[in-house]
Amino acid sequence: MTATTRSLRRWGAVHKWTSLICTLFMLLLCITGLPLIFHEQIDDLLHSQVKPADVPPGTPPANLDRLLFNALAQAPGKVPHFLIWDRDDPSAMFVSVGPTIDADPTNNLLIRMDTHTGAYLDAPDVTGRFTYIMLKLHTDMFAGLPGKLFLGLMGILFCVAIISGIVVYAPSMRKLRFGAYRAQRTRVVRWLDVHNLAGILLVAWTLVVGFTGVINTWADLVLKMWQFGQLAEMTAQYKDRPVPSKLTSLNAAVEVATHAVPGMTPSFVAYPGTLFSSKSHYAVFLHGDTPLTSRLLKPALIDAETGKLTDTRDMPWYVTTLFVSQPLHFGDYGGMPLKIVWALLDILTILILVTGVYLWMRRRKAGVSQERAIANAASLDNPALSS
């Protein structure tokens, strides 16, 4: 056995086992990811919501203090955690409220408000929605951080399976033209050709989506790194300061932040004492207006007692990497045409996974070693290429 043959057999083993281990979970992610590409359209179709008032172009936004007062009137006894501008509808925003300032924000009530009139619109319960269930299955399988990290591991195996598949593809197909489909051969050979063609055509996309998916599973860890890193550094001089007894104007704090970071627009505001801020600051996160910068956030910390700017900095590289990976993963930065492309590529990926399982089961039934088939294919035109 030559060194090349031994190497191909090892790569074949890597491809087989990484594929088999991660395939079931990759199918779950592809199937749940498909409706998430169109989550806005699905929500609009399945759930009605109160529309914001029609206002003339250029109408200024409502005073945020008044808007917050109206929102809290709908949730007596609760305190605000975040104000979130709706990315898909600039006429609406959400006020996230909880029982206490240190309560788990994942259980918060979301109150939807009109950004121009400051009026209450509705308080949708998203936890029962089809898209929410798909999102939880896709991100952590309802298992929290352990679920995210496990899916991240499956994503790493998926990327290894793709790379090892590239290695074994070229020598095993050297006597066939690129993209060959042997229609006259047996069913297993036809499925093999479909599997190989789809796999090699989608290699770049699957690597991008797989790798960005892995990065997204680290979001909670990235947040902790930012909290104990940059945020702690920005607020170090205030760490022993007591919580302000009375907060300054929220509207004024946002205005200070927008003047401090010209050319950027508020995306969300974190109240003092929440995960994204210190105990004595409003954290106003702003974004740009280009397809790329609209996904990048820049924090401005406003002293919640004096209303003055404390600090503003660009996010560190690891947070920026996370922000960039999110739209790449779901394809939601190029409008409906890109969503359709992403959906088609997702369906083809499902085809690759299904045909891979089929080919492995057929070869196992026939008693053919996958590693031996790959090694033979390097020197012969053997149709039993590894899947």
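**Confidence.** I checked the pLDDT of the protein chain before anything else; this is a predicted model. The mean comes to 86, and 85% of the residues reach 70 or more. I then looked up residues 368-387, where the pLDDT is below 50. Beyond near neighbours in sequence, that stretch still has 60 contacts in the model.

**The sheet.** Next I traced the strand order. I get 8 strands in an open sheet, running E4-E3-E2-E1-E5-E6-E7-E8, with antiparallel pairing. Which strands stand at the edges? They are E4 (120-122) and E8, each with a single partner strand, so one side of each has no neighbour in the sheet.

**E1 and its partners.** I followed E1 (79-85) to both sides. On one pairing, 6 bridges join E1 to E2 (92-98), and the two run antiparallel. For tryptophan 85, I find methionine 93 as the bridge partner in E2. E1 also pairs with E5 (residues 265-270), again in the antiparallel sense, over 3 bridges. There I see isoleucine 84 opposite phenylalanine 268 of E5.

I kept one point in mind while reading along these strands: in a regular strand, side chains alternate between the two faces of the sheet.

**E6, E7 and E8.** I moved on to E6 (residues 281-287), which pairs with E7 in the antiparallel sense over 7 bridges. Phenylalanine 285 stands opposite proline 299 in E7. I then looked at what packs here and found helix H8 (residues 219-234) on the sheet, touching E6, E7 and E8. The direction of H8 makes about 45° with that of E7.

How many bridges hold E7 (residues 297-303) and E8 (residues 309-312) together? I get 3, in the antiparallel sense. Isoleucine 302 is set opposite leucine 309 in E8. E7 and E8 form a hairpin with 5 residues between them, and I noted glycine 307 in the turn for its positive phi of about 80°.

**H8 against H10.** I turned to the helix pairs. H8 and H10 pack at an angle of about 150°, with axes 10 Å apart. That is over 145, so I call H8 roughly antiparallel to H10. H8 passes H10 in a left-handed crossing. From H8, the contact uses Ala219, Val222, Met225 and Trp226; from H10, I list Tyr318, Val319 and Leu322. Sorting the residues of this contact, I get 7 nonpolar, no polar and no charged.

**H7 against H10.** Last, I checked H7 (residues 203-217) on H10 (residues 317-330). The two pack at about 130°, and their axes are 9 Å apart. That angle makes H7 oblique to H10. The crossing of H7 past H10 is left-handed. What is the make-up of the contact of H7 with H10? I count 4 nonpolar residues, 7 polar and no charged. On the H7 side I wrote down Val209, Thr212, Gly213, Ile215 and Asn216. They meet Thr321, Leu322, Ser325, Gln326, Leu328 and His329 in H10. Leu322 of H10 turns up in the contact with H7 and in the contact with H8.

Note on methods:
Residues are numbered from 1 along each chain as its sequence is written. Side-chain values use heavy atoms; hydrogens and water are left out. pLDDT is the predictor's confidence in each residue, from 0 to 100. Contact means heavy atoms within 4.5 Å. Axes are lines fitted to C-alpha atoms, for helices over the stretch in contact, and angles run from 0 to 180 degrees between N-to-C directions. Helices (H or I, at least four residues) and strands (E, at least two) are DSSP runs, numbered from the N terminus. Angles under 35 degrees count as roughly parallel, over 145 as roughly antiparallel, 65 to 115 as roughly perpendicular and the rest as oblique. A crossing is left-handed if the near helix is turned anticlockwise from the far one by less than a right angle, and right-handed if clockwise. Ala, Val, Leu, Ile, Met, Phe, Trp, Tyr, Cys and Pro count as nonpolar, Asp, Glu, Lys and Arg as charged, and the others, Gly among them, as polar. Two strands pair if DSSP finds at least two bridges between them.
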